[in-house]
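Please look over the structure below, and then follow an explanation of how its parts meet.

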There are 2 protein chains.
Amino acid sequence: MTGIGNLISKRAAARTTSHFTTGPTDGAPEGFKAHPKPLPLHWGMPNDGFFPIDSIDINLVDFPFEKSYQLTNNSLENLSLSGSNQGAQTVTPPLEPTKSVKTIRIERRTSDPDLIDIATGLQYANVEGLGPLLKFTRDFITRTHKPGYENWETIITNGAGDGLNKAADALLDPEDVILIEEFTFTPFLQNVSNAGGIAVPVKLSIKNGSQGLDLEYLTDLLENWETIHPGKNKPKALYTIATGQNPTGLTQTVEFRKKVYDLAEKYDFAIIEDDPYGYLALPPYQPPSATIKLDEFLTVDEYLKDHLIPSYLEIDTKGRVIRIETFSKLFAPGLRLGFIVAHKDVIAAVSNYSAIVTRTSSGTSQLIVNNVIQQKFGGVDGWLQWILKMRATYSHRRDVLLKTIFDSEAYAKKYIDVIDPKAGMFVALIVNFPEGTDFLTKLKLLVWKFAAYGVGVVPGINMAVDKKFSAEHANFFRLTYAPANSDEELIEGGKRLTDAINDFFEKGLEF
Amino acid sequence: MTGIGNLISKRAAARTTSHFTTGPTDGAPEGFKAHPKPLPLHWGMPNDGFFPIDSIDINLVDFPFEKSYQLTNNSLENLSLSGSNQGAQTVTPPLEPTKSVKTIRIERRTSDPDLIDIATGLQYANVEGLGPLLKFTRDFITRTHKPGYENWETIITNGAGDGLNKAADALLDPEDVILIEEFTFTPFLQNVSNAGGIAVPVKLSIKNGSQGLDLEYLTDLLENWETIHPGKNKPKALYTIATGQNPTGLTQTVEFRKKVYDLAEKYDFAIIEDDPYGYLALPPYQPPSATIKLDEFLTVDEYLKDHLIPSYLEIDTKGRVIRIETFSKLFAPGLRLGFIVAHKDVIAAVSNYSAIVTRTSSGTSQLIVNNVIQQKFGGVDGWLQWILKMRATYSHRRDVLLKTIFDSEAYAKKYIDVIDPKAGMFVALIVNFPEGTDFLTKLKLLVWKFAAYGVGVVPGINMAVDKKFSAEHANFFRLTYAPANSDEELIEGGKRLTDAINDFFEKGLEF
């Protein structure tokens with residue numbers, strides 16, 4: 001079998017589903033003629049007349065933080081830089097609303113094929129997802145990351161976590177090996193282990209200008225697999241967060257991805273590309289100035305051509321890439337909604353798993369996301385314009401946090417470095433401990449210091465596949481500018497962080 | 001361990017979860033004092049200011065079919081009986097709206113502890129479910145089916161299908177046996193098999209006045225397990241749809257349940273009680289007359305005391321009952337929302353599974369269901385009043401379908417019987433084949449006949465755990481009055497059905 005067929009787990013390949021309401025398809029008696037308008041006394045589904053909801057109105061904003069009751073600076077127009085570093089400054093001009101509509105209505109019934117109505121969205125549905133949203137995901141991927149082959153498909157999931165679990169199930173039988181970036185989104189390890197798989201870490205190069213994965217290490221690992229991991233199965237898959245890597249923030253170039261893909265071809269493994277925030281492709285750091293750069297002059301075409309980092313899908317010719325997408329970071333996490341893009345054989349395996357284990361995704365979330373995208377933003381390009389606004393807002397936040405760090409005493413004294421991320425919501429803060437320092441002890445003590453100063457960060461070591469494997473280069477923390485309520489909070493958080501480090505170093509790495 | 005602890009699967013008991021953002025809890029340095037107001041640079045969750053939705057308005061109806069654009073008779077007030085049997089008649093009076101509010105607003109932020117706001121509902125959340133809805137499920141069960149012991153809990157699921165899969169995982173290790181009503185909701189068999197379990201059918205008694213499960217058969221099976229099933233593990237659980245059984249429509253009395261529970265105690269097995277439509281407790285059939293009985297004079301207290309059939313929970317003193325609830329039939333299926341009620345040890349196992357496999361349920365669905373129940377219906381009792389209206393509408397539909405059957409030639413000639421359901425949405429139509437008939441061949445032929453006449457039904461045999469085991473009493477079809485668009489459709493469907501049977505019998509059981 002060409003493509004990814006040989007990589008599908010035996011468990012997934014053996015799974016079949018059927019439903020008891022399906023009638024016989026063989027053995028029609030002579031003279032049988034189907035009735036043109038059969039009436040349903042078989043499906044155990046309530047008529048939509050039983051639903052208490054008649055229609056839903058959704059009130060929307062035109063740009064992030066347009067209304068945010070908790071903010072000091074409560075709109076993007078007013079996002080300001082204040083605090084110790086800089087006086088308050090107002091951002092102008094904001095992007096024009098994509099459409100002037102502020103409220104969209106989801107009707108009980110509609111004949112518009114691009115929309116999902118209450119009668120359909122709140123009814124039982126196929127596990128693959130509701131038609132209009134499924135079509136949107138295909139159109140969106142065709143516009144942003146078109147796969148390099150024809151037989152690809154999409155399927156709706158309950159968010160990226162669900163997508164990752166389904167990818168693990170589709171590929172991994174007990175004892176199957178999956179390669180994983182040594183620092184990673186560790187909940188995925190539980191999915192691997194739930195499928196019976198074995199996670200083997202791959203070294204990362206964690207410094208500015210690096211692309212994450214240590215290609216030399218990976219090549220050597222694959223070439224000398226039997227020697228390095230005697231008795232273990234050959235790797236069946238690589239799991240990578242290739243853009244804005246979690247937790248390091250690093251991003252692979254397209255040239256780099258081609259080299260990794262060549263290895264996948266040579267050693268016949270699948271690539272699970274987890275990409276929750278890749279659309280937040282960020283320009284290089286620059287000191288946050290008078291205005292938020294809302295990319296007034298950056299068109300969707302320019303963004304797609306020059307800024308968005310290509311997916312592994314685009315260099316995939318065989319269907320060995322499984323891309324995990326989510327609406328969590330661009331729309332809202334509580335939707336629990338995302339999708340998978342992969343070869344149709346993989347999608348079929350995922351669909352069977354869904355039919356048995358997770359069932360259909362929330363119709364409520366599907367109809368809201370679909371109709372907001374269609375009715376408010378006008379489809380794929382309008383949604384990409386919303387993404388440009390998200391990107392600009394994240395970019396600004398990243399700049400605010402980095403400036404605070406760059407202006408700090410700890411940075412001036414070279415106690416720390418930061419990696420300027422090309423995408424996403426994470427920054428790695430590297431602590432330059434003197435040679436010979438016992439990293440793990442000192443990092444733990446430093447976390448207590450942060451707690452005393454009042455700032456939460458994630459120690460890189462918490463996100464290691466194998467703490468022993470990674471102990472030697474775990475001298476970093478993951479920072480994020482996503483949850484803060486305001487620029488002020490980011491500035492204050494960055495100040496507490498760097499003050500704590502400075503104090504820690506001044507005291508000879510003691511509390 | 002008392003209670004259900006010894007019944008939890010080894011797989012579920014061994015599962016643990018942790019999250020990388022959790023800081024150290026031991027080894028605080030001397031002099032450490034936590035900052036009173038720490039700032040978050042650790043959680044990878046977007047601030048709710050990034051959400052495009054500011055608020056949601058939900059437009060509601062006061063009774064089922066108040067607005068239904070597809071109906072001929074398009075409101076409960078106008079629900080009529082027409083067609084061949086009876087002239088059109090109008091229903092009066094409808095129940096008064098519980099609250100006069102027709103639209104509720106879900107705000108971005110609220111301080112009302114009973115409500116879920118956008119900032120919370122669309123954010124990442126605990127797998128157990130959002131606080132206000134979780135509290136509602138506890139309050140609701142306390143009011144309707146209070147367990148007979150203290151240490152019970154609830155957890156939100158993605159609907160009953162998800163709840164069933166989680167119950168199977170929590171109880172069944174490979175080779176573990178679960179007893180299942182011989183005709184059942186067969187998708188559950190895939191959950192059993194996914195957990196490695198073995199389904200063993202238990203006979204049903206399928207006739208009017210029966211309670212479903214054949215108690216004598218069950219008692220004998222348990223007493224002589226080693227003889228009947230040599231080499232198989234003893235049963236670890238019984239799966240039962242005890243109220244309005246799917247597909248037979250049969251319902252167990254509370255006295256009957258006590259006897260089954262005694263067997264569970266004696267032979268130490270768990271009971272999975274699947275109850276998607278038990279709240280639709282129906283009065284006995286009566287010819288549908290001039291008005292829909294909207295139970296104007298039936299109060300919630302009377303309903304709970306005299307009509308609602310008690311759950312296994314209420315006779316459970318040890319925590320061996322796992323009750324699966326869903327909002328699919330009373331609110332809407334597309335929500336993919338339900339909950340499990342069980343001993344806290346079971347809930348903990350389910351919670352661990354959720355954290356790894358399914359993740360959190362849709363926040364969108366949770367906030368809509370919770371806030372509609374609170375803001376429109378005013379909480380538990382208002383929700384029960386809505387259920388009374390659902391019940392009245394289903395009762396009317398059941399009566400319409402049964403009357404059509406009772407008035408038919410096929411019924412007069414005793415070709416068929418029907419079981420008048422005490423609850424739910426299913427009716428078993430029993431075909432009285434002459435002795436010696438090859439049921440399975442003739443049933444299949446009859447399905448073709450129905451297809452020619454234009455009516456869909458489910459052959460009982462499609463829902464058998466083991467077709468061989470059940471072949472001898474598979475002479476029935478499952479009918480439902482849930483999906484029809486109108487009384488007219490039910491009447492026409494029933495007529496096609498009985499005409500087809502009559503024709504089939506008149507032709508000597510041939511097409």
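**Where the chains meet**

In this predicted model, 54 residue pairs are in polar contact across the interface of chain B and chain A, counting pairs with both residues at pLDDT 80 or more. On the side of chain B that touches chain A, strand β2 (residues 53-60) of chain B gives the most, with eight residues. Sorted by class, that side of chain B has 60 nonpolar, 44 polar and 21 charged residues.

The contact as a whole takes 125 residues from chain B and 125 residues from chain A. The size of an interface is often given as the accessible area lost when the parts come together. For chain B and chain A the area buried between them is about 10,400 Å², with 60% of it on carbon and sulfur atoms. Within the part that chain B buries against chain A, F20(B), L41(B) and F50(B) supply 9% of the area, which is more than any other three residues.

Charged pairs also occur across this interface. Side chains of opposite charge can pair when their charged atoms come close. Between chain B and chain A there are two salt bridges; one of them is formed by D26(A) with K444(B), whose closest N and O atoms are 3.3 Å apart.

**How the copies are related**

Two copies of a chain are related by a rotation about an axis and a shift along it. Here chain B is superposed on chain A by a rotation of 180° with 0.0 Å of shift along its axis, at an RMSD of 0.0 Å. The two copies are therefore related as by a two-fold rotation axis. Among the residues of chain B, D57(B) comes closest to that rotation axis, its C-alpha lying at 2.4 Å. Because 100% of the interface residues of chain B are also interface residues in chain A, the copies meet through the same surface.

**Within the chains**

Over all chains, the count of salt bridges comes to 70. Among them is the pair of E273(A) and R323(A), in which the closest N and O atoms are 2.9 Å apart. This pair links distant parts of the chain, with E273(A) in strand β10 (residues 270-274) of chain A and R323(A) in strand β11 (residues 321-326) of chain A, 50 residues apart.

Some details of backbone geometry remain to be pointed out. In chain A, a cis peptide bond joins N246(A) and P247(A), with omega at about 15°, and P247(A) is found in the loop between β9 (235-240) and α8 (254-267) of chain A. In chain B, a cis peptide bond joins N246(B) and P247(B), with omega at about 20°, and P247(B) is placed in the loop between β9 (235-240) and α8 (254-267) of chain B. Finally, F65(A) has a phi near 65°, a positive value in a residue other than glycine, and F65(A) has its place in the loop between β2 and β3 (103-106) of chain A.

Key: Residues are numbered from 1 along each chain as its sequence is written. Chains are lettered from A and ligands numbered from 1 in the order in which they are written. Side-chain values use heavy atoms; hydrogens and water are left out. Contact means heavy atoms within 4.5 Å. Buried area is the accessible area (1.4 Å probe) that two parts lose on being put together, summed over both. A salt bridge is a side-chain nitrogen of Lys or Arg within 4 Å of a carboxyl oxygen of Asp or Glu. A polar contact is a pair of N or O atoms within 3.5 Å; within protein, one must be able to donate a hydrogen and the other to accept it, and residues adjacent in sequence count only if both atoms are side-chain atoms. Helices (H or I, at least four residues) and strands (E, at least two) are DSSP runs, numbered from the N terminus. Ala, Val, Leu, Ile, Met, Phe, Trp, Tyr, Cys and Pro count as nonpolar, Asp, Glu, Lys and Arg as charged, and the others, Gly among them, as polar. Copies are superposed by least squares on the C-alpha atoms of residues with pLDDT of at least 70 in both.
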